[in-house]
Amino acid sequence: MFEQIAENLKNISNKIRFKDDFTALDKASASLKKTMLKSDLHYKTTKELIQSVNTTTKKLGIGQNNFINALQKELLNMLTSKGNQGFVYAKTPLTTILMTGLQGGGKTTTTAKLGLYLKNKNKKILISACDTQRLAAIEQLKQLCEKIEVDLYYDDNEKNPAIIAKKAKQKAIDELYDVLLVDTAGRLAIDDKLMKELKNIKKAIDPDETFYVADLLTGHDATRTAIGFDDTIGLEGVVLTKFDGDAKGGVALSIAHQVGIPLRFVGTGENMPDIEPFVPQRIVSRLMGQGDIEGLVEKTSTLIDEKKFKHIKTKIKKGEFNFDDFLSQMNMLKKMGSMKSMLGMIPGMGQMASKLGSMDIENSDQMKNIKALISSMTKKERQMPSILNQSRKNRISQGAGLNIQQTNRILKQFKNASKMAKKLSGKNGKTMKDMINSMEGKQIPK
Ligand SMILES: Nc1nc2c(ncn2[C@@H]2O[C@H](COP(=O)(O)OP(=O)(O)O)[C@@H](O)[C@H]2O)c(=O)[nH]1
Ligand SMILES: [Mg+2]
């Protein structure tokens with residue numbers, strides 16, 4: 001989702017080739033501005049970012065690495081608000097979260113998604129249906145909860161949402177649930193009645209945190225409404241939904257910067273697993289084209305057993321990641337839904353994701369070629385990519401119906417990606433320049 005920005009940022013930093021080249025810094029700043037505005041980053045946010053990157057670069061001394069470091073640091077500053085990140089449990093169970101927002105923003109969907117996200121972390125979850133405005137609202141939650149196999153508390157006969165919420169909380173306490181998620185009604189715009197109702201619910205359950213669910217497609221309006229909710233009822237977090245609908249990414253970054261309340265999660269699709277914690281550090285990593293190994297690990301680990309995944313992580317660290325692991329990762333990606341959003345998390349694959357644009361990656365030629373190539377390898381070749389000599393390469397090319405250039409290209413990509421993954425998973429020995437070079441397919445120094 002940030003592939004476009006990431007690709008441009010990489011080109012921009014390449015503009016600075018010499019030390020103390022002020023003209024080059026100006027040029028890089030101008031391109032940075034253009035890139036950010038083109039990605040729909042708010043002009044004020046863009047202006048602030050350019051200024052701080054400029055100042056920090058000069059302070060560090062003009063040069064490519066310092067520019068990259070400054071950019072990284074200032075992006076992180078821009079995206080970080082005071083408060084919690086991701087999901088935070090109360091000191092002792094129960095953790096109660098009140099979900100608020102306007103109608104259609106994605107509250108109900110997000111409540112269920114969060115329920116699944118937490119259930120996958122082995123927590124006992126109760127969801128409470130407190131939207132008494134729409135008849136269909138309870139039915140919607142019933143269906144979602146059935147799908148994700150999470151318990152739901154509702155009361156068809158009670159019209160007062162504060163009472164339902166309170167009873168749900170009592171049940172959650174009595175039956176030792178870890179987390180209670182309270183879904184509420186929304187309206188088309190902020191109004192007194194809605195706010196009063198929310199205040200009453202809030203008073204009845206005294207939640208640990210209140211989240212505002214905003215639709216990213218409402219653009220910068222989302223910032224305004226979030227601030228409105230914060231002023232009236234107080235918020236600890238914002239969840240941005242429909243991230244999948246914004247290829248450029250700048251609006252989300254502006255919102256993260258401007259609301260002043262931490263963006264806690266983002267919704268990336270209509271399916272239940274399509275939710276990701278918004279961790280500024282990881283987002284910056286993606287923006288800088290370094291992928292998001294941690295995010296990938298987390299997302300993957302909720303869907304497969306931990307043991308197996310730890311094994312893969314160790315393999316990556318040791319540089320032993322092989323084609324079998326790659327294939328099983330690909331199959332897992334399929335299971336996880338939106339593959340494009342996942343590709344951006346794999347170091348070195350971000351550009352591929354952006355080039356593929358809105359294509360059906362699963363069925364793309366590139367992916368078919370990769371799969372064909374792997375399936376014409378012997379078991380040993382899959383497990384030990386290093387034994388692939390020329391005659392083996394010729395044989396698998398033929399088997400996969402590819403020419404030798406195509407084969408070499410894929411093998412090189414694979415090699416780069418696994419080297420990069422290894423570098424990123426290790427603690428030391430990485431410089432930004434190595435990473436950028438390797439993403440361009442240049443040799444990575446050992
Ligand atoms: N593409 C996409 N659709 C979403 C996302 N989150 C919610 N939706 C859709 O937005 C619509 C409204 O969601 P709903 O949860 O009912 O909104 P509510 O009125 O705030 O409870 C539904 O059609 C959802 O499937 C998301 O992250 N991506
Ligand atoms: Mg709803």
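Biologist: Leaving aside its neighbours within four places in sequence, which residues is Val238 in contact with?

Modeller: Keep in mind this is a predicted model. With those neighbours left out, Val238 contacts Phe211, Tyr212, Ala214, Ala226, Val259, Ile261, Leu263 and Arg264.

Biologist: And which residues touch the most other members in the largest nonpolar core?

Modeller: Val238 again, along with Val182 and Leu240; that core has 88 residues. Helix H4, residues 64-79, is the top contributor, giving seven residues.

Biologist: OK, so where does this core lie relative to domain 1 and domain 2?

Modeller: Between them, because domain 1 (3-79) and domain 2 (95-281) both give residues to the core. There's another core lying apart from it, with seven residues, including Phe323, Ile374, Met377 and Ala400.

Biologist: Switching to the ligand. How many residues surround ligand 1?

Modeller: There are 19, and the closest are Gly106, Lys107, Thr108, Thr109 and Gly267.

Biologist: Which helix gives the largest share of that shell?

Modeller: Helix H5, residues 107-119, with three residues.

Biologist: And what's the shell around ligand 1 like by class?

Modeller: It has 13 polar residues, five charged and one nonpolar.

Technical notes: Residues numbered from 1 in each chain as written. Chains lettered and ligands numbered in written order. Predicted model: local features only at pLDDT ≥ 70, side-chain atom pairs only at ≥ 80, totals over all residues. Near = placed C-beta within 6 Å. Helix = DSSP H or I, 4+ residues; strand = E, 2+ residues; numbered from the N terminus. Nonpolar A, V, L, I, M, F, W, Y, C, P; charged D, E, K, R; others polar. Core = buried A, V, L, I, M, F, W, Y, C linked by C-beta atoms within 7 Å. Buried ≥ 20, exposed ≤ 12 C-beta atoms within 10 Å, placed from the backbone. Domains from an automatic or database assignment. Contact = placed C-beta atoms within 7 Å.
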